Every structure is written in C-alpha cells, then in structure tokens.
Amino acid sequence: MSNWLQKSIAVSTIRSIVIMSLAVAMPQLHAQSTAGPSTSEESSSRPTAATTTELLVKELDAVKQRVAQLEAELQKSRAQDPPSASLTTTTAAVPSNSMLAASTPEAQAGKESMPPPKPQKAEPFAYADWTWLNGTARNKDAVWDSKFFTPEIRFDTHYVQSFNHPRDDSMGGSSEIFRSGEVQVEQISVGGDFHWQNVRGRVLTMNGMFGVTTPRNDASPARGQWDLRGAYRYVSEAYGGYHFDVNHGFNVDAGIFVSYIGLFSYYNFDNWTYQPSFVSSNTPWFFNGIRLQWFPTDKLKIEPWIINGWQSYGRMGGKPGLGGQILWRPKPWLSFVFNNYGMGEDTLGSGNGQFGRSRIHTDDSVEVKYYDRPEKFLDKMAFSVTGDLGCEYGGRGFTSDAAGNAIPLNTNCHHNTATSRKQTFAGWMAYNRFWFKKDLYGLTIGGGTISNPGRYLALLPPINGADAITGSPYFTQNPGDPFKAWDMSLTFDWMPKQYITFRTEYGYRHANVPYWSGRGGITPPGGNTSPISVFGGTGGPGGLVSGTTFVPGPTLSATPGLTCVAGATGWCPDLRKDEASARFAIMVKF
C-alpha cells in the first residue's frame with residue numbers, strides 16, 4: 001500500500017475518532033450540569049464540567065493540527081505516487097454494503113439460480129465494410145431510420161448517345177439503355193424496409209423506363225389469363241416474411257425479390273458501370289416466389305429459392321424453377337457468390353404451355369479488394385470476375401423459318417443432330433475499379449463476352465414493337481441460331497456525397513450477327529404496324545410488315561440462312577454488328 005493511501009486512511013480514522021469522542025462526551029457533560037449540587041467529597045475527587053470542557057477543546061485543537069499536517073503530506077504524496085493500482089487494490093479490499101448483502105446465503109442461492117446472460121451473436125457480414133463491392137450500394141449511413149421502418153428512395157436519370165445515330169432514337173440489346181439522344185428517367189423508386197418483432201417486409205416501386213422495359217422481357221403473362229404485366233410492372237421488390245433467431249439468422253420471405261444472378265445489382269447506383277456486360281444484362285434481375293435465407297455464421301449465407309421461373313411473373317411451363325445462392329465472405333477484402341438455377345421450363349409454348357424444355361444455369365463470381373490505402377490519393381483498388389454456364393434441354397415438335405425450312409424444337413446441351421439443336425450459354429466478364437481521393441472519384445475498366453447458340457438469353461431488339469411474347473421474324477431465336485458478342489467499357493464517377501453519383505461512360509459492343517440499331521432504326525416509317533402495349537395479349541406488335549420477303553443468305557445473320565428484302569412495299573430494320581455509345585447519368589439513393 002502506498003504512503004499517500006496510508007495517510008488518507010489515517011486522516012479518515014482520526015476524524016471518525018474525534019466525532020465519536022464528542023458524541024460520547026457531550027451527553028456526560030450535559031448530565032453533570034443538570035444533576036444538581038454534588039457533595040464536597042465528590043467535588044474534590046473529579047474535575048468540574050468547565051475543567052473537562054477546557055481539556056476537550058485543547059485535545060480537539062491538537063487533533064485539528066495533526067489532521068492539517070496529514071492532509072498536507074497527503075497532497076504531497078499524491079503528486080509523487082499515482083493512485084490507480086493502489087486504489088484498485090484498496091477498493092477491492094473494502095467490501096461495500098451491496099457486496100456484504102450479496103454474500104449472504106439467500107443472495108448466493110438467488111445468484112446461482114439465475115442463468116448466465118447469452119452472448120450476443122454477430123450480425124451477418126457486419127464485421128467489415130462492404131461498400132466497395134460491385135453490386136452493393138456505397139451508402140455508409142442511413143438518412144433516417146426507426147424501429148419500424150427504414151426508407152429507401154432512388155432516382156436515376158441518363159443521357160445516352162449511340163454513335164450509330166438511329167433515326168427513331170431506339171436502341172436494343174440491353175436492359176439498361178434504351179433511347180439515344182434523349183434525356184430519360186430510368187428509375188424512380190420509393191419504398192423501404194419494414195421490421196417489427198421479427199416480422200419483416202420490403203417494398204420498392206419501379207417507375208420510369210424500367211417500368212416498361214423490364215416487363216417486356218417476360219413472356220409468362222401470355223400463358224393463361226389475368227394481366228400479370230399490368231399487376232407487377234410498377235414494382236421491383238415486394239415481399240413479406242419472418243426472421244427466426246437461429247444461428248446468425250434465418251429468414252423466410254415470399255414475393256418478388258432481386259436475384260443477383262450476374263453479380264450486378266438491378267439498380268445502377270450500386271454498380272461499378274452503367275451498362276454491364278452480357279452475363280449480367282441478359283440474366284434475371286428478379287424472381288417471383290419463396291426464398292429462405294440461412295446464416296450459419298456471420299460470414300456465410302445459404303439461400304434456396306422456389307420460384308415461378310427465370311425472371312418471370314408466372315410460369316411458362318408445367319414446372320416451377322428451383323435454385324439458390326451461396327454467399328461467402330471469409331475476409332474483409334474477399335467475397336464469393338455462387339448462383340444456380342434449374343428445372344424451370346422457361347420457353348413459352350402455345351396455349352397452356354407444357355412445351356417441355358427445361359433450363360439449367362450456373363453463375364459464379366469472386367470480388368477481391370487487393371489495395372486499400374485510405375491515406376493515399378489512389379486509396380483503393382478491386383476487381384470482380386464472373387463466369388456463367390447454362391443450357392436448355394428437351395422440347396418437341398418442329399417449326400419453320402421464313403423460307404419454310406423445318407427447324408426442330410428439341411434442344412440439348414452438347415451438339416446439333418438431325419432432330420435436335422445445341423442450345424447453350426457460356427460467358428464471362430471482368431472489371432477493375434480504382435478509387436481516388438478518399439473515394440471522391442472512381443474509375444472502372446472492363447468488359448466481357450458470351451456465346452449463346454439458340455439466342456434464348458439474347459435480349460430481343462424491339463423491332464416493330466416486338467417483345468418476349470411476340471418474338472420477331474426479323475431477329476429469330478430458333479434452336480441453334482448462332483450468337484456471339486463481346487463488349488468493353490470505361491467508366492468515370494464523381495461522388496461528392498455518399499448519396500449521389502455523377503457518371504460518365506464510354507462503351508463499345510460487337511456481335512457476330514447484325515444486332516444493334518443502325519442509322520435506319522428499328523421502327524417502320526409509319527410507326528409500329530400494331531399498337532404496342534406492355535399490358536398483355538399476343539397482339540400484332542413484332543410482326544412482319546406486309547410486302548417484306550426473305551431470300552437465301554449467310555448463316556451469320558439476324559435470320560440465319562436468310563436475308564431480309566424490303567421490296568416496294570415492305571420494310572427491313574437496319575441492324576449493325578457494332579455499337580459505340582456515350583452514357584451520362586446522375587444517380588441518387590437515400
């Protein structure tokens with residue numbers, strides 16, 4: 001025990017003794033003064049009250065002097081001897097009233113009966129900052145939040161200029177850019193997350209160009225009744241579910257939810273580029289069905305799906321789609337995602353479907369942050385690599401091309417035969433991202449390639465108003481039809497706040513068959529030959545303009561083996577093998 005602490009205890013002890021002495025002496029003095037006169041014998045054998053008082057006053061003065069001396073020495077000792085260790089020891093050595101009370105048998109018995117508190121489990125993936133990931137929003141802070149609701153608001157406005165300069169300003173082959181030479185609002189979304197007592201829900205509206213361009217890629221509303229396109233066109237996410245406190249979490253959700261097949265997010269604000277490569281742009285943005293999310297650890301998610309089909313509001317055949325995702329982030333700089341899909345019949349048949357052609361697909365990505373120096377001008381670097389494989393198999397019957405040639409509808413995953421055609425998808429994409437000046441600026445370079453015989457994942461250009469239901473005689477998607485393409489892009493971002501991105505991008509895309517809108521455009525001179533609507537019906541859009549014919553031509557064409565001839569009254573779209581474009585966007589997310 002240190003000197004200053006010993007002196008501190010001595011001062012406290014002396015003060016206590018003086019107070020106790022006075023407490024004892026004062027009643028006795030009072031008794032002597034009120035007991036009446038004493039005998040002479042008693043007076044001579046003990047001091048009078050006055051004498052006793054004088055003695056106590058002298059003793060008290062001596063004690064005060066001693067206390068003052070000890071306090072002076074105590075102040076001097078404190079300056080020389082830090083009290084931390086001694087205070088800890090002394091405090092522990094002197095039991096408090098609560099400690100004494102806890103040491104009783106009753107308290108000990110109550111303490112033993114109380115269960116120890118359960119350790120709080122870590123939130124999934126909360127151990128690191130993942131805003132650097134491609135496909136993940138970079139907001140670090142919520143603008144507003146509550147126990148019940150977390151809002152989300154998104155705006156995405158762009159200007160795209162195709163250097164092919166189509167006269168109808170219409171572009172094809174993309175799920176992100178649709179019009180040339182115009183300012184267009186791509187996305188207007190309002191909604192958020194609801195959460196109360198483990199019950200959860202999410203809704204996000206979808207207006208703007210996405211409200212039309214996404215539904216037109218789904219053919220399932222043509223099967224059966226009720227207008228599914230009209231029901232869902234203004235919704236990008238809508239589901240409700242329940243959270244179970246199992247392991248690090250277990251969620252059950254039902255409704256429309258984003259798929260993340262192809263790594264990139266449905267929402268451009270979250271992505272490193274505006275126009276992603278084909279393995280993202282041509283794969284699903286959403287699913288409609290049920291998903292289970294299990295987090296066995298805070299670094300792993302296992303997510304099975306039971307869904308209607310491949311980015312479809314309903315079923316196109318007799319079987320639902322099955323699939324799932326495994327997301328593993330073992331380190332703060334490393335992320336793996338594995339998506340798989342199968343069993344679903346995703347080719348529209350006639351009448352009630354039941355076409356019998358099934359689809360399987362795997363989509364796998366890795367993202368690595370290989371440089372992180374926040375104090376440097378170049379403060380971060382990361383890359384993403386994605387690879388996809390898939391095919392369709394099954395089907396029956398025959399169809400014919402514009403020249404009357406028979407084409408088998410049966411497909412397989414390996415090779416062409418007399419009665420079956422190879423129907424596969426293979427592709428990859430890679431991007432590298434640089435961040436500068438504490439993430440104020442971003443630069444991304446990358447691209448990818450695909451091979452898709454059968455064109456079942458080639459996005460149908462909206463020629464004469466064509467969509468996934470109508471198809472188009474000007475760009476066929478018959479089994480075995482050849483299609484290969486590649487692209488590259490360079491993207492620069494200015495991000496003055498975490499809620500806004502100003503994006504400038506140059507992109508170039510090439511296909512081995514005529515596919516992109518040329519100067520002549522993809523709309524007949526008098527407009528579409530039938531009214532176009534995303535509200536259902538197989539209607540007339542996408543049809544052949546009267547007077548148009550086809551003659552034998554090259555295999556690598558929009559109509560393999562045939563060439564379109566407009567003649568005197570017909571019409572042929574102007575399709576090119578190349579497209580270069582500049583893209584400018586302002587994207588906001590709260």
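Residues are classed here as buried at under 20% relative accessible area, exposed at over 50%, and partly exposed in between (1.4 Å probe, protein chains only). By this criterion Asp 253, at 0% relative accessibility, counts as buried. The structure is a predicted model, in which local features need pLDDT of at least 70 and side-chain atom pairs count only at pLDDT 80 or more, while totals for chains, interfaces and linings use all residues. Residues are numbered from 1 along each chain as its sequence is written, and side-chain values use heavy atoms, with hydrogens and water left out.

Salt bridges were taken as a side-chain nitrogen of Lys or Arg within 4 Å of a carboxyl oxygen of Asp or Glu. Side chains of opposite charge can pair when their charged atoms come close. The search of the whole structure gave 21 salt bridges. In one of them, Asp 253 pairs with Arg 200 at 2.9 Å between the closest N and O atoms. Asp 253 belongs to strand 5 (residues 250–258) and Arg 200 to strand 3 (residues 199–205), so this pair ties together parts that are 53 residues apart in sequence. Helices (H or I, at least four residues) and strands (E, at least two) are DSSP runs, numbered from the N terminus. Whereas Asp 253 is buried, Arg 200 is partly exposed, with a relative accessible area of 23%.

A second pair joins Asp 439 to Lys 380, again with the closest N and O atoms 2.9 Å apart. Asp 439 is placed in the loop between strand 16 (424–436) and strand 17 (441–451), and Lys 380 in strand 11 (residues 378–394), so parts that are 59 residues apart in sequence are tied together. Asp 439 is partly exposed at 22% relative accessible area, and Lys 380 counts as buried at 12%.

The side chains of Glu 152 and Arg 154 form a salt bridge at 2.7 Å, N to O, and both residues are buried. These two residues are part of a salt-bridge network that also links Asp 193, Arg 202, Glu 237 and Asp 270.

Nonpolar cores were defined as sets of buried Ala, Val, Leu, Ile, Met, Phe, Trp, Tyr and Cys residues joined through side-chain atoms within 4.5 Å. The largest such core has 59 residues, of which Tyr 266, Ile 450, Ile 463, Phe 475, Phe 483 and Tyr 515 touch the most other members. Elements that each supply at least two residues of this core include strand 5, helix 9 (278–281), strand 6 (286–297) and strand 18 (484–497). Strand 16 provides the largest share, four residues. Apart from this core lies another, of eight residues, among them Ala 137, Met 171, Tyr 274 and Ala 585.

With contact meaning heavy atoms within 4.5 Å, and neighbours within four places in sequence left aside, the contacts of Ile 450 include Phe 278, Val 279, Phe 425 and Phe 483. Pro 525 is found in the loop between strand 20 (516–517) and strand 21 (549–552) and is exposed, with a relative accessible area of 68%. Between Pro 525 and Asp 168 the C-alpha to C-alpha distance is 9.3 Å, at a separation of 357 residues in sequence.
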